[in-house]
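User: Hey, can you walk me through this one? I'd like to hear about its pockets and its core.
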Amino acid sequence: MYLYRNFLQMLKKGSTLYSILTGSCPKCHQESMYVEKNPYKLSTIYKMQETCSHCKTQYVIEPSFFYGAMYVSYGLTVAIGVALFVITKLILNLSVKTSFLSLGTGIFILMPITARLARNIYINMFIHYDKNWKQNS
């Protein structure tokens, strides 16, 4: 129960984890950075708002800013791949061939979520929550 309450505490507005998991503005947490909230709508997966309508934070800090998110995406994909392989091979005791097949399928299916999470993590490395954003405007 203690872990559950701590996890819920981390997901409240004002935490970096909230912004990362919801894709909300890293500075004010008031609106989504993305035009389309559904990451599986592949035609608009990377389409973002220019600025936050509440705190006026500009999401693309410089040209090609989100190229750095590729490194984060690589790390996330490796972590997901290792987790899927451990689950399928060691826990479910499937064959190596089946484990690698499920690993590839899992990574492919989770690609839109991984891409968005990588962008969310990357922008939160540079822009932090400001509880006084209304006063600073």
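User: How much space lies in the second largest pocket?
Analyst: About 180 Å³. A pocket here is an open set of points on a 1 Å grid over the protein atoms alone, where a 1.4 Å probe fits, with protein on both sides within 12 Å along at least five of seven lines. The volume is the space filled by probe spheres set on the points, which are joined across faces, edges and corners. Keep in mind this is a predicted model: local features need pLDDT of at least 70 and side-chain atom pairs 80 or more, while totals for chains, interfaces and linings use all residues. Residues are numbered from 1 along each chain, and side-chain values use heavy atoms, without hydrogens and water.

User: Which residues line the second largest pocket?
Analyst: Among them are Ile20, Tyr34, Lys37, Arg116 and Asn120; lining residues have an atom within 4 Å of a point. Helix H4 gives the largest share, four residues.

User: And what's the volume of the largest pocket?
Analyst: About 240 Å³. H4 gives the most to its lining too, with six residues.

User: New topic: which residues touch the most other members of the largest nonpolar core?
Analyst: Tyr59, Phe66 and Ile123, out of 17 residues. Such a core is a set of buried (under 20% relative accessible area, 1.4 Å probe, protein chains only) Ala, Val, Leu, Ile, Met, Phe, Trp, Tyr and Cys residues joined through side-chain atoms within 4.5 Å.

User: What does Ile123 touch?
Analyst: Leaving out residues up to four places away in sequence, Ile123 touches Pro26, Met33, Tyr59, Phe65 and Phe66, where contact means heavy atoms within 4.5 Å.

Key: Buried < 20%, exposed > 50% of the residue type's maximum accessible area, 1.4 Å probe, protein only. Helix = DSSP H or I, 4+ residues; strand = E, 2+ residues; numbered from the N terminus.
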